[in-house]
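Here's a walk through one protein model, from its overall layout down to a few side-chain pairs. Keep the viewer open as you read.

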Amino acid sequence: MFVSTIGIKKYNQKPQTLISDLFVVGVTIDPASLATVTGAVTAAVTVTGAKLGDLVNVFPPAYDTQGVMFQGFVSAANAVKISFFNPTAATIDLASGSWTIQVVRK
């Protein structure tokens, strides 16, 4: 999905652009098993239109992420990676699932 502009308009005022571009991609990801206090990064996911410096939001499948922290970032033009980190005292192996990636350009 691609949306060119999202904004807000107050009554009797000119619309204000809040986001100039929004790209949304759904992708199946099977995060690596994470030993205690370790991390992993996925292979690049294609998000056409993503540019270095864009904001990336990552939404997990409808399951408990068990304390695993995750963050998305644009690694190159049209490419997003997700970094996972397990800060807990136990090994965690998240199941494969459908993750949603949003890339926002201001």
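Let's start with one side chain: aspartate 21 counts as buried because its relative accessibility is 16%, where buried means under 20% relative accessible area, exposed means over 50% and partly exposed is in between (1.4 Å probe, protein chains only). Before going on, some housekeeping: this is a predicted model, so local features need pLDDT of at least 70 and side-chain atom pairs count only at pLDDT 80 or more, while totals for chains, interfaces and linings use all residues. Residues are numbered from 1 along each chain as its sequence is written, and side-chain values use heavy atoms, with hydrogens and water left out.

So what does aspartate 21 meet in a salt bridge? Its side chain pairs with that of arginine 105, at 3.1 Å from N to O; a salt bridge here is a side-chain nitrogen of Lys or Arg within 4 Å of a carboxyl oxygen of Asp or Glu. Because aspartate 21 sits in strand β4 and arginine 105 in strand β10, the pair ties together parts that are 84 residues apart in sequence. Arginine 105 also counts as buried, at 16% relative accessibility.

Arginine 105 has another partner, too: it forms a salt bridge with aspartate 54, with the closest N and O atoms 2.7 Å apart. Aspartate 54 lies in the loop between β6 (45–46) and β7, while arginine 105 is in β10, so this pair ties together parts that are 51 residues apart in sequence. Aspartate 54 is buried as well, with 13% relative accessibility. Through shared partners, the salt bridges join Asp21, Asp54 and Arg105 into one network. The structure holds two salt bridges.

**The strands behind it**

Now zoom out. The protein has zero helices and 10 strands, so its pattern along the sequence reads β-β-β-β-β-β-β-β-β-β; helices (H or I, at least four residues) and strands (E, at least two) are DSSP runs, numbered from the N terminus.

Which residue in β10 is the bridge partner of valine 25? That's isoleucine 101, and isoleucine 101 is the bridge partner of valine 58 too.

**Rings around a tryptophan**

The rings of phenylalanine 70 and tryptophan 99 have centres 5.1 Å apart and planes at 85°, so they are edge-to-face. This pair links distant parts of the chain, with phenylalanine 70 in strand β8 (residues 69–76) and tryptophan 99 in strand β10, 29 residues apart. Tryptophan 99 is buried, with a relative accessible area of 0%, whereas phenylalanine 70 counts as partly exposed at 25% relative accessibility.

The rings of phenylalanine 84 and tryptophan 99 are edge-to-face as well, because their centres lie 5.4 Å apart with the planes at 85°. Phenylalanine 84 is in strand β9 and tryptophan 99 in strand β10, so that pair ties together parts 15 residues apart in sequence. Both phenylalanine 84 and tryptophan 99 are buried. Together, Phe70, Phe84 and Trp99 form one aromatic cluster.

**Out in the loops, and the totals**

Glutamine 66 has a positive phi of about 55° although it is not a glycine, and its place is in the loop between β7 and β8. Asparagine 78, in the loop between β8 and β9, has a phi near 65°, again a positive value in a residue other than glycine. Glutamine 66 counts as partly exposed at 40% relative accessibility, and so does asparagine 78 at 34%.

For the whole protein, buried residues make up 30% of the 106 residues. Residues 24 or more positions apart account for 67% of the contacts with a separation of 6 or more, contact meaning heavy atoms within 4.5 Å.

Notes. Two strands pair if DSSP finds at least two bridges between them. Rings of Phe, Tyr and Trp (its six-membered ring) pair if their centres lie within 6.5 Å; planes under 30 degrees apart count as stacked, over 60 as edge-to-face and the rest as tilted.
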